[in-house]
Amino acid sequence: MTQQSIATADKLDAAVLKVAGVVVLGAIMSILDVTVVSVALPTFQSEFDATYARVAWTMTAYTLALATVIPLSGWAADRFGTKRLYMVALALFTIGSGLCATADTIGELIGYRVLQGLGGGMLMPLGMTIMTRAAGPHRIGRLMAVLGIPMLLGPIGGPILGGWLIDTASWHWIFLINLPIGVVGLIYAQMALPKDAPEPSESFDFVGMLMLSPGLALFLYGVSSLPEVGTFAEAKVWAPMLVGGALVVAFVLYSFKPRHPLLDLRLFRNRSLTIASLTLFVFIIAFMGAGLLFPSYFLQVRGETTLAAGLLMAPQGIGAMITMPIAGTLADRVPIGRTVPFALALIVAGFFGFTQVDPQTSYWLLGGSLFVMGLGMGGTMMPIMTSALRTLQAQEVARGSTLVNILQQIGGSVGAAVMSVILTNELNGSRTIPGLVDESGKPVTEAGLAIASQQRPELLQQMPVDPSIIQRGLDFAASSFANTFWVAFALVLLTFIPAALLPRRRQPAQLDESQGEPVKTPVVIH
């Protein structure tokens, strides 16, 4: 075969691009929905009269749902067919989006976000399977370049789109916008996706799923109830934590028994996978957890509009967009033990700026900090995930990819819950204003009134208070954010310990026994 014919064979033809269009549409919906909601959390607080720890469950529940269905999608795709299942996932996500817009309470919204997450969690893994089958393994690199578009644009466009929709319409539209896209996606999928016949599949570990997901949810619910009751002694805190923790421990012990477990923990015998997974897990807890708080600081302490908060978050996405393609190229040539610590150092440098925040911190400093953090993030996540899979045997790669992806989602859930609890606990320490109570009869704190007045200035006309109280409240709120960022900063520093053990020499990729070529498996990042 000539060089020209090989190059032609490697190109993505019209049929493959048509399939890729469906997958990219689903990926945009799924990825945007994570970032769009990040700027809406303070809005949910005021709309539903809930604490930050409570509204953060709109993110925690979504990512836990993603973690639940990632292993389920491979088994279900074999059993029901990828086209049929992809359309079901798209429909679930779209219906969940519509229901989210109808929520009257924070509990309803959290429940509908679970439904949305169950659909969204299947879109990316199924999309990758469909695209790989359509194009063949030799064109996976080009496919990843196509899928990289929504992955890169999501962190930039999500907060801006969410902010614009909330400012110009209402919070409902961050969910309603998915309805027309979902309908178009369903019609497009019906027309463009090739039919595939269901095949007999290996058994699915439903027992494991019924232990892991509820266990994590119960444990994190107990943790997030702490700021509300103020002590571990309350049954509302320790009971779910105890039951949830027991279920997670039981899951770990049980996972070594089935032939096809939900998560193949036996893969942790591979030292490279263990170190990479640990580095990623600690990093995700810190970075994703604190990442939710960045827009909230702009909204609640600085009094910015949601659109302005979204625009102020853009430097982080731009930074990631610059380094992610470079890191992907370097991952094949330079051992990640030499590149990832440098990327982590950039994140630490950027993060430090947020540990110093006050009500007047320079936006140039914060924008620069976000940009530097974005540069570091782009050089961290994809290389670590790729390295985790590189040393696995061909038959282990699919299970390894599932394991790493689920750890990522669990880390995001833990980070969102823990950081929101720390912030809420910090804010609860603010002094109360004598004689002032809210609509539910609870005493109003200085920080609470200061934050509320930043978003609704008319409150100060309805309840005249000394301006010094508002300033003191803003100082306390900024200090609460700074203290929470210090915790996340310390966690990022901890990632240097496992990162120091990452391979500093080139690792040969495992060979596919049938073809004698290195195994290349796309890694999905939500």
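Helix α14 crosses α21 in a right-handed sense, a crossing being right-handed if the near helix is turned clockwise from the far one by less than a right angle, and left-handed if anticlockwise. The model is predicted: local features need pLDDT of at least 70 and side-chain atom pairs count only at pLDDT 80 or more, whereas totals for chains, interfaces and linings use all residues. Residues are numbered from 1 along each chain as its sequence is written, and side-chain values use heavy atoms, with hydrogens and water left out.

**Packing of α14 and α21**

- The axes of α14 (residues 271-291) and α21 lie 7 Å apart at an angle of about 35°; axes are lines fitted to C-alpha atoms over the stretch in contact, with angles from 0 to 180 degrees between N-to-C directions.
- Residues of α14 including Leu273, Phe281 and Ile284 meet a set in α21 that includes Leu403, Leu407 and Met419, where contact means heavy atoms within 4.5 Å.
- By class, this contact of α14 with α21 holds 15 nonpolar, six polar and no charged residues (Ala, Val, Leu, Ile, Met, Phe, Trp, Tyr, Cys and Pro count as nonpolar, Asp, Glu, Lys and Arg as charged, and the others, Gly among them, as polar).

**Salt bridges**

- The structure holds two salt bridges, each defined as a side-chain nitrogen of Lys or Arg within 4 Å of a carboxyl oxygen of Asp or Glu.
- Glu446 and Arg472 form one of them, at 2.6 Å from N to O; Glu446 belongs to helix α22 (residues 446-455) and Arg472 to helix α24 (residues 467-494), so the pair ties together parts 26 residues apart in sequence.
- Glu446 is buried at 7% relative accessibility, while Arg472 is partly exposed at 34% (buried is under 20% relative accessible area, exposed over 50%, partly exposed in between, with a 1.4 Å probe and protein chains only).
- Asp264 pairs with Arg266, their closest N and O atoms being 3.2 Å apart; Asp264 is buried at 5% and Arg266 is partly exposed at 22%.

**Surroundings of Ser430**

- Ser430 sits in the loop between α21 (397-427) and β1 (432-437) and is buried, with a relative accessible area of 6%.
- Not counting residues up to four places away in sequence, Ser430 touches Thr445, Glu446, Ala447 and Phe476.

**The chain as a whole**

- The protein chain has 25 helices and two strands, taken as DSSP runs numbered from the N terminus (helices H or I, at least four residues; strands E, at least two).
- Of its 526 residues, 54% count as buried.
- Among contacts between residues at least 6 apart in sequence, 80% join residues at least 24 apart.
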